[in-house]
Amino acid sequence: MKSILKNTISSNKKYTSNGKVASYIPELKKANQDDLGICIIDKNNNMYCAGDYNKKFTIQSISKPIVLALALMDNEWEYVFSKVGMEPSGDPFNSIMKLETNDTKKPCNPMINAGAIATTALIKGKDLQEKEERMISFFRKLAKNDSLQINEDVYKSEKLTGDRNRAMGYLLKNDGFIEGDVEEVLDLYFKQCSIEIDTVDLARIGLLFANYGIDMETGERIISEDISRMVKTFMVTCGMYDASGEFALKVGIPAKSGVGGGIMASVPKRMGIGVFGPALDKKGNSIAGLKILEDLSKKLELNIF
Ligand code: DON
């Protein structure tokens, strides 16, 4: 396994030069275009890593399935899905269009920005501070890593420039999909996106969803089976945005990407995978990361279909 991972890193490294690091959040421009790393943790808790597997980056949109799980634990599912839909949008992750053109104006799903902002609004807590503490504690628990922190520079950079998300937040509030203070919801959303992780953290969280919410080592149930299943289903149908169909065909693994360059993949009953490669394709997915997962899916027969 170790040599498979090493080889897949070296054979796919060339693709990093075809992509671009995210620049619309100014702080993300500092990423190194050539970085590429991977970590796999299997159901027997064996860990295999290669490349830049322990470099830190911000989780960005990979926070969306995690916050969805928390929102589903905090609320009745009917209530959650009265605020956010279940259908792929077929649009880019930051599209605002369907908030206006959909019959219901409901955000299509919890994996795109609009739907994720509505999901973040469902995190329970008496005030913003308690919500933030509950949110970060949940990430730490899933990653089994108490040292996870928010990258303050990325958080501030996104808060300062995130006017498109702000516009969506106010539309969502206007149409009844967010209750409470929009700026507070956005603040929490920017913070969840700015949590710093590495591929080991992603592999751990991916493994938990792969194992239907039970911690492999301790046997503790952390997320219900139903919620784990729902989260993986959204990862398949919407996890790669308007590239989700192609990814399902070529790779066939529930996965979620982020503009920090991460991809978290969850192979049911088998393994969690974390990939990092900050050079992105035009749709905002790690360009070499996608190639790596395509290779591994074939080599290790991971396609769930
Ligand atoms: O809200 C944003 O635009 C970012 N914080 C997250 C977007 C993202 O990661 C899209 N993923 N590929």
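Reply: Happy to! Contact here means heavy atoms within 4.5 Å. Please keep in mind that the model is predicted.

Me: Which residues in H5 meet H9?
Reply: On the H9 side, the partners are Val185, Leu186, Leu188, Tyr189 and Gln192. The residues of this contact divide into six nonpolar, three polar and no charged. From H5 come Asn113, Ala116, Ile117 and Thr120.

Me: How are H5 and H9 oriented to each other?
Reply: The axes of helix H5 (residues 113–120) and helix H9 (residues 182–193) come within 9 Å and cross at roughly 110°. H5 passes H9 in a right-handed crossing. Angles of 65 to 115 degrees count as roughly perpendicular, so H5 and H9 are roughly perpendicular to each other.

Me: Is threonine 58 buried or exposed?
Reply: Threonine 58 sits in strand E3 (residues 57–58), and its contacts beyond four places in sequence include Leu28, Asn151 and Cys193. Its relative accessibility is 4%. Buried means under 20%, so threonine 58 counts as buried.

Me: Which side chain makes a polar contact with the side chain of threonine 58?
Reply: Let's look at the polar atoms there. The pair is 3.0 Å apart, and the cut-off is 3.5 Å. The partner is the side chain of glutamine 60.

Me: What does alanine 31 count as by relative accessibility?
Reply: Alanine 31 lies in the loop between helix H1 (2–12) and strand E1 (37–42). Leaving aside neighbours within four places in sequence, alanine 31 is in contact with Val21 and Pro278. Because its relative accessibility is 34%, alanine 31 counts as partly exposed.

Conventions. Residues are numbered from 1 along each chain as its sequence is written. This is a predicted model: local features need pLDDT of at least 70, side-chain atom pairs count only at pLDDT 80 or more; totals for chains, interfaces and linings use all residues. Side-chain values use heavy atoms; hydrogens and water are left out. Helices (H or I, at least four residues) and strands (E, at least two) are DSSP runs, numbered from the N terminus. Buried means under 20% relative accessible area, exposed over 50%, partly exposed in between (1.4 Å probe, protein chains only). A polar contact is a pair of N or O atoms within 3.5 Å; within protein, one must be able to donate a hydrogen and the other to accept it, and residues adjacent in sequence count only if both atoms are side-chain atoms. Axes are lines fitted to C-alpha atoms, for helices over the stretch in contact, and angles run from 0 to 180 degrees between N-to-C directions. Angles under 35 degrees count as roughly parallel, over 145 as roughly antiparallel, 65 to 115 as roughly perpendicular and the rest as oblique. A crossing is left-handed if the near helix is turned anticlockwise from the far one by less than a right angle, and right-handed if clockwise. Ala, Val, Leu, Ile, Met, Phe, Trp, Tyr, Cys and Pro count as nonpolar, Asp, Glu, Lys and Arg as charged, and the others, Gly among them, as polar.
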